[in-house]
Every structure is written in C-alpha cells, then in structure tokens.
Amino acid sequence: MNMLLRLFVFFLDPFGIGRKLFIRPTVRFASNIYDQFKIKADEKVNTLRELILRLGLIAFAVVLIIWTAFFMYAVFYYAYMPPISHTRPVYMQFKTCIDTSSPCTFPHAHVSLTKKQQLLMVGQAYRVVINIDMPESPQNLDLGMFMVCAEMRDHESMLRGHSCRSAMMRYRSPLIRTISTWALSPLFVLGLKEEFQQVAVEIFPQYMEQRQHPITDVYVEIQSQKIQFYTVSLHIIADFTGLRYIMYNWPIFSAIIAISTNLFFILVVFLLSWYHWSDATWLRSLQLKYNRIATTLQHSASKALLSSKSGNLQDEEELSFPDDEKSHISDIDEYNGREEEQAFLGRRNISKESF
C-alpha cells in the first residue's frame, strides 16, 4: 500500500517541486498549530486538575474540621452527662394470714439496681422516688396516711442510706368523684382509662453517690397491711444543676455554642499549623543550628585526637632517648677501635719496610 502511494505521488510530482513548495510547509504549519493547541490544552488540563485537587483538599479539610467539632462535642456530652433516670419495677411481697385473706406483714421488696460495681455517677445529685398505683377503692379511701421506707445498700450489703416518708391518696369530694366518673364513663367502659391514683413518694431528695461504696441494691417497705395497689416502681432521677441543667433543658442551644467554640479553636490551630509548616525559614534556621553544633563537635573531637596523638609521640620520644644515647656511644666506641686498628697496621707496615 505504501509503495503504491509513493508511485502515485511520484507520477504526479516526479521532480518533488510540489512537495517542497506546498505539501511540506503545509504539514509543518499544521503540525505547529497542533503542537501549540496541544500545549495549551495540556496547560488548561493541568490547571483544571490543580483546581479540582485544591477544591477537593479544601472540601476534605472543611468536612474533617466540622466532623471533628461534632465528634468532640458528642464525646464530651456522653462522658459528662449521666442518664437522666433509672427505672426499676418493685415486686412487693407479703405473708397472708390464715384466718383472713388480708396480709399479715408489711409489703416489702428487694430491688437490684445493677450487678456491676457502679450505676450512678459520682458527684451527681439524684432524686429517689417510689410511685404507687393505687385504685380508688373504698379501702384505700379509708386508709388515710401510711409510711414508705427505703434502704440503700452497696455490693457488700452495708447500709448507705435509710429514709421513711409519709404518703396518702389525693382527697376528692364525693361530688367531684361522681362528676368525673360520669364524664369519663365512656373511657372507663372502653378500657382506655382506669380509676386509680399514682402516689409519688420522694424518699431521697438529694442522694449523692460515693465512689468507694456505690449503691447496688434498694430495699423498699410499705408500712401498711390494708393498702391496695396495682404496681410499684422505683425511679432514680438525676437532679441537674449548672452546665448539665443547660445541656439537658436546652440541647440545641448548648450544642450550637459548643460546636461553634470547637470549630473556632480547631480553625485557629489549623491556620497556625498551616502558616508554621508553609514557612520554611524555621526549618532553615534549625538546619543551620544543627550544622553549627555538628561542626563544633567535630572540631572538639579533632582537637582531642590531636592532643592525644601529640602526647603519645612525646612519650615515645622520651622512651626512645636512652636507646639513642646507647647507640651513639656504641658507634663512637666502634669508630675509636677502627682508628686504633688502622694506626697499629700503619706502624707495622713502616717497621717492615725499615727492616
């Protein structure tokens, strides 16, 4: 195919004038334009890549900073804020009399708060409340006042708190009871409402947990044999004050303030770190200091080596001086002996000649 194309071009332009004057300049011009366009396109692509990379880094930094601020507030909230309440059912027990069906002992119960070492937060005040759901029966209406007692014990069954409080049902006149019964009779008939009162007895208004003796068990007793109730429950409610009160009652406001504060300090640290690491003068100064320290150490080491070598040479010279003296003396003795021999031989030759 290439041979056919070359033959075709040769037949059209046998002397190569068209190729030299028109085709080659046109191809060079087109290639130059293509190269320039390619260079500009590569530059634009590189700038676009750098722009996208910078925008991606900025977006990543912003997301990381915001996530760090939220994470710090969440960690602080769950570490600083205890649970608002702990609820446990109270299963009352009593002994019935043989002759009558009424109980012969006071209703009492043992409530296990936790099997761990600690449930409540140390330093936080708690309200201990016992709720008793009592039906509006004639026996309860005639009961009057009664006592409710509770004991707080630790994991070693040692007593850490004891309190008793009096309680009674709310009084309502017969007329009010009749009117409310007639008004709420459809709900009573459908089973959507019951005729009972919930009596809340606050046993401990400000109970403080001890670190060495955490509470694990509660013993409850109702000191009345004629009381009638549906259910009894124990509620331990945290009584927040100060910062915990604000964080619990205004969670959105406190979260906005805390996250904004975290963002401010994180941004300050980030900008200072960016400025510190972008400026390389401190690295150069640190490198110069390191070079100075290294040169001083090298000079001191070289001086120490020179001083040690000079001391060794002096010691060798002092040690070799007596040997040099002995060698000089032996050389002098040999020289004197040779002179005496030569003089003796000369004298002998002279005597022979005279003879």
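**Close-up 1. Four salt bridges are counted in this predicted model.** A salt bridge here is a side-chain nitrogen of Lys or Arg within 4 Å of a carboxyl oxygen of Asp or Glu. As background, side chains of opposite charge can pair when their charged atoms come close. Because the model is predicted, local features need pLDDT of at least 70 and side-chain atom pairs count only at pLDDT 80 or more, whereas totals for chains, interfaces and linings use all residues. Residues are numbered from 1 along each chain as its sequence is written, and side-chain values use heavy atoms, with hydrogens and water left out.

**Close-up 2. Glu202 and Arg127 form a salt bridge.** The closest N and O atoms of this pair are 2.8 Å apart. The pair links distant parts of the chain, with Glu202 in strand S6 (residues 196-208) and Arg127 in strand S3 (residues 125-135), 75 residues apart. Strands (E, at least two residues) and helices (H or I, at least four residues) are DSSP runs, numbered from the N terminus. Glu202 is partly exposed at 32% relative accessibility, and Arg127 is partly exposed at 28%. In these legends, buried means under 20% relative accessible area, exposed means over 50%, and partly exposed lies in between, with a 1.4 Å probe and protein chains only.

**Close-up 3. Two further salt bridges involve Glu151 with Arg153 and Asp154 with Arg160.** The side chains of Glu151 and Arg153 meet at 3.0 Å, N to O, and Glu151 is partly exposed, with a relative accessible area of 22%. In the pair of Asp154 and Arg160, the closest N and O atoms are 3.5 Å apart. Asp154 is buried, with a relative accessible area of 1%, whereas Arg160 is partly exposed at 25%.

**Close-up 4. An open sheet is formed by four strands in the order S2-S7-S4-S5.** The pairing in this sheet is antiparallel, and two strands are said to pair if DSSP finds at least two bridges between them. Strand S2 (108-112) and S5 are the edge strands, each of which pairs on one side only. Neighbouring strands of the sheet are turned by 15° against each other on average, direction ignored; for such angles, axes are lines fitted to C-alpha atoms (for helices over the stretch in contact), and the angles run from 0 to 180 degrees between N-to-C directions. Eight bridges join S4 to strand S7 (residues 215-223), and these two strands run antiparallel. Arg153 stands opposite Asp217 in S7.

**Close-up 5. A disulfide joins Cys149 to Cys164, with the sulfur atoms 2.0 Å apart.** A disulfide is counted here for a pair of cysteine sulfur atoms within 2.5 Å. With 115° about the S-S bond, the link is right-handed. Cys149 is buried at 4% relative accessibility, whereas Cys164 is partly exposed at 27%.

**Close-up 6. A disulfide also joins Cys97 to Cys104.** The S to S distance for this pair is 1.3 Å in the model. Cys97 is partly exposed, with a relative accessible area of 22%, and Cys104 is partly exposed at 33%. The structure holds two disulfides, and when the bonded cysteines of the chain are numbered in sequence order, the pairing is 1-2, 3-4.
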